[in-house]
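Q: I am new to reading protein models. Could you take me through this one, feature by feature?

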Amino acid sequence: MLFSTFEHILTHISFSIVSILIPIVFRILLVDEIIELSDSSERGITAGFFCLTGLLINRWIRFRHFPLSELSESLIFLSWGFSIIYLVLYLKKNKNLRSIIKIGVIFTQAFSTLNSLNIHKSVILVPALQSQWLMMHVSMTLVGYTALLCGSLLSVTLLVITFQKMIFSKLHFLLTKTFYFGNNQNANENIKTVLQRTFFFSTRNFYRYQLIQQLEHWSYRVISIGFFFFSIGILSGAVWANEAWGSYWNWDPKETWAFITWIIFTIYLHTKKNSNGTNSSIVAVIGFLLIWLCYFGINLLEIGLHSYGSFLF
């Protein structure tokens with residue numbers, strides 16, 4: 001009874017925090033940044049992190065198994081992982097990247113806590129899940145998912161900024177072209193206007209260049225870490241499958257899409273080493289979509305050997 005009450009309190013606190021944070025973040029993103037609101041969002045995410053930590057520990061003690069037995073619990077763990085990456089960037093005092101990851105933190109926490117409001121009963125583990133490999137396989141896979149999603153989110157932002165840069169470059173070219181072909185009567189005005197706009201674009205390009213460098217550096221690092229843990233998750237899952245089902249690989253839909261996702265991020269790492277950041281970012285965007293398909297889509301269809309991984313309502 002005590003554990004159930006504690007879980008109920010933490011879930012509602014977490015959901016209340018997210019409900020307050022969502023309009024604050026949209027206010028900052030769509031209008032302008034207010035220091036007080038920004039500081040409040042930082043505190044809110046930190047408080048939400050401790051609530052998620054309490055939820056995971058509470059369910060672990062209450063049900064006597066690591067809380068990753070179905071999709072709802074794993075979503076709490078995924079949100080918890082997003083919060084850790086955000087807090088690491090906070091300690092690194094990297095404001096730009098923190099603002100990007102913040103969106104993922106808030107929405108995963110909102111979805112996980114909203115679904116957790118309906119989960120209060122014990123999960124009866126199927127025989128295949130009554131193994132020590134549950135913690136190893138699922139936790140490594142989810143850590144990999146979290147890092148890959150965060151890194152891919154940075155790559156999405158990098159791609160958007162790159163295309164914006166191309167648009168502004170073409171616009172700058174048109175302005176310069178207008179200057180050269182303008183009438184003599186308006187020559188002085190054209191010179192002044194073009195110089196002012198050139199200075200504006202060069203200043204923006206300097207900050208944009210710095211941000212692009214940060215995004216390329218951190219997206220590659222985070223995706224590399226995620227790829228490592230995701231690979232461990234797949235290997236440990238193969239060992240567990242052999243123990244539970246007598247075969248290392250069964251080409252189950254979940255296994256197949258996980259393998260496709262692994263191949264895509266292998267291509268990303270190869271592309272990153274041998275081409276520009278735009279090509280690798282496009283591959284990362286494809287991987288970003290595949291992760292959500294692999295994580296949600298296959299589970300919600302409830303097909304294959306992983307059909308026990310759906311939501312509990």
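**Contacts, burial and rings**

A: Start with one residue and its contacts. Setting aside neighbours within four places in sequence, S83 is in contact with F49, L52, V105 and Q109. This is a predicted model.

Q: In which helix is S83 found?
A: S83 belongs to helix 3, residues 71-91.

Q: Is S83 buried or exposed?
A: Look at relative accessible area: under 20% means buried. S83 has 0% relative accessibility, so S83 counts as buried.

Q: How many helices and strands does the protein chain have?
A: There are eight helices and zero strands. Read from the N terminus, the elements run α-α-α-α-α-α-α-α.

Q: What share of the residues of the protein chain count as buried?
A: The chain has 313 residues, and 46% of them count as buried.

Q: Which residues make the nonpolar surface patch?
A: F3, I57, W60, I61 and M135 make a patch of about 470 Å². Helix 2, residues 35-63, gives the most, with three residues. F3 lies in helix 1, residues 2-30. F3 counts as partly exposed because its relative accessibility is 36%, between the cut-offs of 20% and 50%.

Q: How many aromatic pairs are there?
A: Rings pair if their centres lie within 6.5 Å. By this rule the count is 13. One of them is F49 with W80, a stacked pair with 6.1 Å centre to centre and 10 degrees between the planes. This pair links distant parts of the chain: F49 is in helix 2 and W80 in helix 3, 31 residues apart. F49 is buried at 13% relative accessibility, whereas W80 is partly exposed at 22%.

Q: What is the angle between the planes of W251 and F259?
A: It is 90 degrees, and the pair is edge-to-face, with 6.0 Å centre to centre. W251 is exposed, with a relative accessible area of 55%. F259 is partly exposed, at 34%.

Q: Which residues do ring pairs link into a cluster?
A: The cluster holds Y145, F230, F288, W292 and Y295.

Q: Where does the charged end of R221 sit?
A: Over the ring of W218, 4.9 Å from the ring's centre.

Conventions. Residues numbered from 1 in each chain as written. Predicted model: local features only at pLDDT ≥ 70, side-chain atom pairs only at ≥ 80, totals over all residues. Heavy atoms only, no water. Helix = DSSP H or I, 4+ residues; strand = E, 2+ residues; numbered from the N terminus. Buried < 20%, exposed > 50% of the residue type's maximum accessible area, 1.4 Å probe, protein only. Contact = heavy atoms within 4.5 Å. Patch = residues over 30% accessible without salt bridge, like charges linked within 9 Å, V, L, I, M, F, W, Y side chains within 5 Å. Areas by Shrake-Rupley, 256 points an atom, 1.4 Å probe, with all protein chains shown as cover. Salt bridge = Lys/Arg side-chain N within 4 Å of Asp/Glu carboxyl O. Phe/Tyr/Trp six-rings, centres within 6.5 Å; stacked < 30°, edge-to-face > 60°. Lys NZ or Arg CZ within 6 Å of the ring centre and 35° of its normal.
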